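Please report on the fold features and charged contacts of the model shown here. Keep it short and give the cut-offs.

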Amino acid sequence: QVQLVESGGGSVQPGGSLRLSCAASGRILTIRVMSWYRQAPGKQRELVATIPRVGSTNYADSVKGRFTISRDNAKNTVNLQMNSLKPEDTAVYYCNADVQERPSYSWFQRWGQGTPVTVSS
């Protein structure tokens, strides 16, 4: 089984910055796409940003120009740099990975446990 562990959440004032990190470990052959999602209280989980193993990143319109997703394929990690944070960015942030696993060579969607981000003055 593959585990995803997020870190870096916390509380910050509007206009501040946070950097989230996610590390995947376990029986990993390769990871195709890594993503960050978020879920605010009372709302559905939404896609924030995605990054393929090779290729272009994609962002939700609400975070374009403020958030940057990056990954290290050798370390199976993905980061989310969040700048100019707004109160509406408050949510639990989840890491997601599309993983091919040993020994089955099957593909699985794996999720982290979530890390909370609170933006408030």
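The report below covers a sheet, a hairpin and the charged pairs.

This is a predicted model: local features need pLDDT of at least 70, side-chain atom pairs count only at pLDDT 80 or more, and totals for chains, interfaces and linings use all residues. Residues are numbered from 1 along each chain as its sequence is written, and side-chain values use heavy atoms, with hydrogens and water left out.

**The sheet**

Strands here are DSSP runs (E, at least two residues), numbered from the N terminus. Two strands pair if DSSP finds at least two bridges between them. Four strands make an open, antiparallel sheet in the order β1-β3-β8-β7. The edges are β1 (2-7) and β7. Each has a single partner strand, so one side of each lacks a neighbour in the sheet. On average, neighbouring strands of this sheet are turned by 15° against each other, direction ignored; the axes are lines fitted to C-alpha atoms, and angles run from 0 to 180 degrees between N-to-C directions.

Strand β8 pairs with β3 (residues 18-26) over six bridges, in the antiparallel sense. Here alanine 23 has threonine 77 as its bridge partner. Six bridges also join β8 to β7, again antiparallel. Serine 70 is partnered with asparagine 79 of β8, and threonine 68 with glutamine 81 of β8. Five of the six residues of β8 are buried. Buried means under 20% relative accessible area, exposed over 50%, and partly exposed in between (1.4 Å probe, protein chains only).

**The hairpin loop**

Asparagine 76 sits in the loop between β7 (67-72) and β8 (77-82). The hairpin of β7 and β8 has four residues between the strands, and asparagine 76 takes a positive phi near 55° there. Asparagine 76 counts as buried, at 18% relative accessibility. Leaving aside neighbours within four places in sequence, asparagine 76 touches Cys22, Ala23, Ala24, Ile28, Ile31 and Met34 (contact means heavy atoms within 4.5 Å).

**Salt bridges**

A salt bridge is a side-chain nitrogen of Lys or Arg within 4 Å of a carboxyl oxygen of Asp or Glu. The count comes to six. Three of them are tabulated, including the accessibility of each partner.

| Pair | N to O distance | Relative accessible area |
|---|---|---|
| Arginine 32 and aspartate 98 | 2.8 Å | Arginine 32: 40%; aspartate 98: 11% |
| Arginine 38 and aspartate 89 | 2.9 Å | Arginine 38: 5%; aspartate 89: 1% |
| Glutamate 101 and arginine 110 | 2.7 Å | Glutamate 101: 4%; arginine 110: 16% |

Arg38, Glu46, Arg66 and Asp89 belong to one network, joined by salt bridges that share partners. Arginine 38 lies in strand β4 and aspartate 89 in the loop between β8 and β9, so their pair ties together parts 51 residues apart in sequence.

The salt bridge of arginine 32 and aspartate 98 also links distant parts of the chain: arginine 32 is in strand β4 (residues 28-39), aspartate 98 in strand β9 (residues 91-101), 66 residues apart. Arginine 32 is partly exposed, whereas aspartate 98 is buried.

**Charges over rings**

A charge sits over a ring if NZ of Lys or CZ of Arg is within 6 Å of the ring centre and within 35 degrees of the ring normal. Arginine 32 lies over the face of tryptophan 107, at 3.8 Å from the ring centre. Arginine 45 is placed over the face of tyrosine 94, at 3.7 Å from the ring centre.
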